[in-house]
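Here are some notes for a colleague opening this structure for the first time. Please read them with the model in view.

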Amino acid sequence: MTWWAIDVRTAAEHRAAVGAWLVARTGHAVEERDDGTLVGFAADEGEADRVAAALVREVAAPLSTARRPLQPVDWSLRWRDGLEPRRIGRLTLAPSWLASAAVEPAVVLDPEMAFGSGEHGSTRGALTLLERHLRPGDRVLDLGSGSGILAIAAVKLGAARATGIEIDPEANEVAERNASRNGVARRVAFLHGDAAVLAPLAAPVELVCSNILRNVNTALLPAVRHALAPGGLAVFAGMEAPEAPLFRDALTAAAFDPVDEITDAGWWAVAARPR
């Protein structure tokens, strides 16, 4: 099936009404281009003709229309557009189809049904602080490990071992595949369960990563403290920048001292040590 685009030109003051009409008539979103052209969509040429004719007939605004067929798109591949190797400190993140372009240390990981691909500001913030503060030979605990990206990155950056804890068993399956793909399966383990219960059982570790929501990070502060070896450090991410003061207060109340922080695309991450 070939979809058709309906290009509509009208004055700026009429675009909102024309766009609303197109959405209501076609049931599809409308694209507004930089030059002001509105683009509606129809499932075939006949429908495009009917929409364009009805638009001229029913909308009381000066406008012009043009139709054009759209090239068929293989959406199983199109989603890859825009993904490319990304450098975070010494670490390179790359999707599998661009693995040959990745410079070591590298994590090869595809976006799947588990959070954490390096395309989100909270993940990048956590990776940045992990890369800054990880010491060779550290033991690492990743709470809410998702795709396994932080645990895998830790080992790639020199950690002796890393353990991920994730409440979603399907995410752990993805993480295990990613660990195997990156050749670190023997040094990375993923546990299924509640991080508050399992974190102290994985102790002691020198570094904890927790890329979750602020309220969950706050609730996990006692478990993080119990998991850390003396002198250890925790990286907390998954929080929007306006939440920073609230979480700083929570750190203070739990006797943690912030030592580093970063904001990336509106997402805030902080590294802290217990007193």
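**Notes on strands, sheet and cores**

1. Start with a pair of residues: Arg139 has Arg161 of β9 as its bridge partner. The model is a predicted one. Strand β8 (residues 139-143) runs parallel to β9, and 5 bridges join the two.

2. How does the chain get from β8 to β9? The unit is β-α-β, made of β8, α5 and β9, and it is right-handed.

3. On to the next strand: β9 also pairs with β10, in the parallel sense, over 5 bridges. As a general point, strands of a sheet pair through backbone hydrogen bonds, either parallel or antiparallel.

4. Antiparallel pairing is found in an open sheet of 4 strands, ordered β2-β3-β1-β4. Its edge strands, β2 (31-32) and β4 (63-69), each pair on one side only. Strand β1 (residues 4-10) is joined to β4 by 7 bridges in the antiparallel sense; the bridge partner of Arg9 in β4 is Ser64.

5. Two helices pack on this sheet. Helix α1 (residues 15-26) touches β1, β2, β3 (38-42) and β4, and its direction makes about 10° with that of β3. Helix α2 (residues 45-58) touches β1, β3 and β4, and its direction makes about 175° with that of β4.

6. Which residues touch the most other members of the largest nonpolar core? They are Leu127 and Leu130, in a core of 34 residues. The elements that give two or more residues to this core are β6 (91-94), α4 (121-133), α5 (149-156), α6 (169-181), β10 (188-192), β11 (205-211), β12 (228-240) and β14 (267-274). Helix α5 provides the largest share, 7 residues. In general, nonpolar side chains in soluble globular proteins tend to be buried together.

7. Leaving aside residues up to four places away in sequence, Leu127 touches Ile88, Leu91, Leu93, Ile149, Leu150 and Ala153. Another core, of 26 residues, lies apart from the largest one; Leu141, Leu198, Ala202 and Phe236 are among its members.

How values were computed. Residues are numbered from 1 along each chain as its sequence is written. This is a predicted model: local features need pLDDT of at least 70, side-chain atom pairs count only at pLDDT 80 or more; totals for chains, interfaces and linings use all residues. Side-chain values use heavy atoms; hydrogens and water are left out. A nonpolar core is a set of buried Ala, Val, Leu, Ile, Met, Phe, Trp, Tyr and Cys residues joined through side-chain atoms within 4.5 Å. Buried means under 20% relative accessible area, exposed over 50%, partly exposed in between (1.4 Å probe, protein chains only). Contact means heavy atoms within 4.5 Å. Two strands pair if DSSP finds at least two bridges between them. A crossover is right-handed if, with the strands pointing away from the viewer, the path from the first strand over the helix to the second runs clockwise. Axes are lines fitted to C-alpha atoms, for helices over the stretch in contact, and angles run from 0 to 180 degrees between N-to-C directions.
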